[in-house]
Amino acid sequence: MRIIRGKYGRRRFDVPSNITARPTTDFARENIFNVLENIVDFEGLDALDLFAGTGAVSFEFLSRECRHVTAVEKAPTQQRFIEKVARELGADNLTLIRGDVLRFISSAQTAYDIVFADPPYDMPGFAEIPGKVLASKLLKPGSVFVLEHSKKHDFSDLPNFSEHRVYGSVNFSIFRIPEQ
């Protein structure tokens with residue numbers, strides 16, 4: 001895993017072979033972060049990484065000076081890897097929530113400036129995830145929600161849909177919550 005840019009840019013970490021996550025490719029991650037940099041200034045933001053996997057997105061947020069990042073991951077192997085990388089980076093502004101993302105979404109009381117979700121593409125109920133996030137208390141006025149998905153999904157009819165981006169086989173739907 002490579003951190004693309006920012007204060008941890010170009011740092012590499014060997015991902016254990018027993019990780020079951022499908023990490024966002026460096027190419028797709030670099031491009032979606034380029035898009036996001038034109039939408040938000042990461043410095044001082046609070047970010048949420050749902051289905052964190054290897055934590056690559058969380059570490060990109062931290063590297064770009066987000067104030068705090070919360071990562072939610074269920075799998076113990078991925079949790080241990082995220083903890084290890086955070087220790088090596090000295091990233092004390094990362095909170096790892098060990099648990100089920102759908103339960104987290106439904107019970108969360110904290111709102112974030114940017115939310116990124118990369119659920120397993122074959123997850124039962126995948127298509128309902130963006131609606132659950134949009135209906136939750138996770139998004140502040142003026143926040144951005146990014147969903148990574150396969151080409152078989154189209155979320156353009158959901159509220160606050162802003163744009164769709166494709167990088168190779170990776171698709172992103174971006175939602176912008178209006179300021180109030």
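Mentor: Start with a polar contact, a pair of N or O atoms within 3.5 Å in which, within protein, one must be able to donate a hydrogen and the other to accept it, residues adjacent in sequence counting only if both atoms are side-chain atoms; here the side chain of asparagine 93 reaches the backbone oxygen of cysteine 66 at 3.4 Å. This is a predicted model, where local features need pLDDT of at least 70 and side-chain atom pairs count only at pLDDT 80 or more, while totals for chains, interfaces and linings use all residues. Residues are numbered from 1 along each chain as its sequence is written, and side-chain values use heavy atoms, with hydrogens and water left out.

Trainee: Is asparagine 93 buried or exposed?

Mentor: Buried means under 20% relative accessible area, exposed over 50% and partly exposed in between, with a 1.4 Å probe and protein chains only; asparagine 93, at 18%, is therefore buried.

Trainee: Where is asparagine 93 found, and with which residues is asparagine 93 in contact?

Mentor: Helices (H or I, at least four residues) and strands (E, at least two) are DSSP runs numbered from the N terminus, and asparagine 93 is in the loop between helix H3 (76–89) and strand S3 (94–98). Taking contact as heavy atoms within 4.5 Å, and leaving aside neighbours within four places in sequence, asparagine 93 touches Leu62, Cys66, Arg67, His68 and Val69.

Trainee: How many bridges join strand S6 to strand S7?

Mentor: Two strands pair if DSSP finds at least two bridges between them; six bridges join the antiparallel strands S6 (residues 161–167) and S7 (residues 170–176), with phenylalanine 161 opposite phenylalanine 175 in S7.
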